[in-house]
Amino acid sequence: MSSGRLIGRPQKGSRSISREHILSTALPLLNEQGLEAVSFRRLADALNVTAMAIKYHVGSHRSLIAALIRNAFEGTLTHIEGNTPEERLRHILSTYCTRALENANVVRCILNDPSLMSGEVVTVKEEIRKNTRMLNDGDEQDVLLNLLVDYTHGFVFSAVAAPSNHGLTLDDYLRSVDWVLKAGQSAQVSN
């Protein structure tokens with residue numbers, strides 16, 4: 001090819017593109033410009049390769065998005081701090097919200113297709129469930145879990161949509177979480 005582009009399947013010994021390089025290029029594009037920015041054609045242009053080279057390394061577009069979700073949330077819960085369910089929930093939610101704020105368009109992909117949810121995101125949800133059930137003495141219907149998860153996602157989308165000079169902060173988020181957790185504790189005591 002005269003354009004100097006690398007082509008599809010790399011030849012032995014040639015310098016080629018890697019899956020990791022594709023993913024590290026695609027994740028910021030997804031977060032900054034949305035899902036449309038991670039088409040094979042646009043990625044190929046950004047990386048100076050062919051669209052077939054992208055497909056060769058990442059598989060389908062769905063596989064690419066699933067890999068980006070895994071990468072975005074990998075290591076979210078390396079450890080959980082806190083001695084009480086309330087303290088652990090605050091830590092888990094703070095950690096997840098921080099990561100979700102950095103990856104709001106990735107979160108949109110998950111909400112559009114929950115089957116793309118990575119193991120790490122499932123682990124976060126299960127840790128929230130475990131602690132809400134301890135906090136609420138067996139919240140079998142997962143009311144508090146669903147409330148906290150939905151509030152977190154709503155907060156993320158509101159925060160990233162706000163003009164930078166009027167932006168919501170993690171402290172704003174945690175004040176609301178603290179209020180919900182305190183209200184949940186109060187409701188438990190009154191029952």
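User: At what angle do helix α1 (residues 19-33) and helix α6 (residues 104-112) pack?

Analyst: This is a predicted model in which local features need pLDDT of at least 70 and side-chain atom pairs count only at pLDDT 80 or more, while totals for chains, interfaces and linings use all residues. Residues are numbered from 1 along each chain as its sequence is written, and side-chain values use heavy atoms, with hydrogens and water left out. Helices are DSSP runs of H or I with at least four residues, numbered from the N terminus, and their axes are lines fitted to C-alpha atoms over the stretch in contact, with angles from 0 to 180 degrees between N-to-C directions. The axes of α1 and α6 lie 7 Å apart, and the helices pack at an angle of about 85 degrees.

User: Which residues of α6 meet α1?

Analyst: On the α1 side, the contact (heavy atoms within 4.5 Å) involves Leu27, Leu30, Asn31, Glu32 and Gln33. Their partners in α6 are Ala104, Asn105, Val106 and Cys109.

User: Is Leu101 buried, partly exposed or exposed?

Analyst: Leu101 belongs to helix α5, which spans residues 85-102. Buried means under 20% relative accessible area and exposed over 50%, with partly exposed in between, for a 1.4 Å probe and protein chains only. Because its relative accessibility is 26%, Leu101 counts as partly exposed.

User: How far is the C-alpha atom of Leu101 from that of Thr169?

Analyst: Leaving aside residues up to four places away in sequence, Leu101 touches Phe155, Val156, Ala159 and Val160. Thr169 is 68 residues from Leu101 along the chain, and the separation of their C-alpha atoms is 9.8 Å.

How values were computed
Helices (H or I, at least four residues) and strands (E, at least two) are DSSP runs, numbered from the N terminus.
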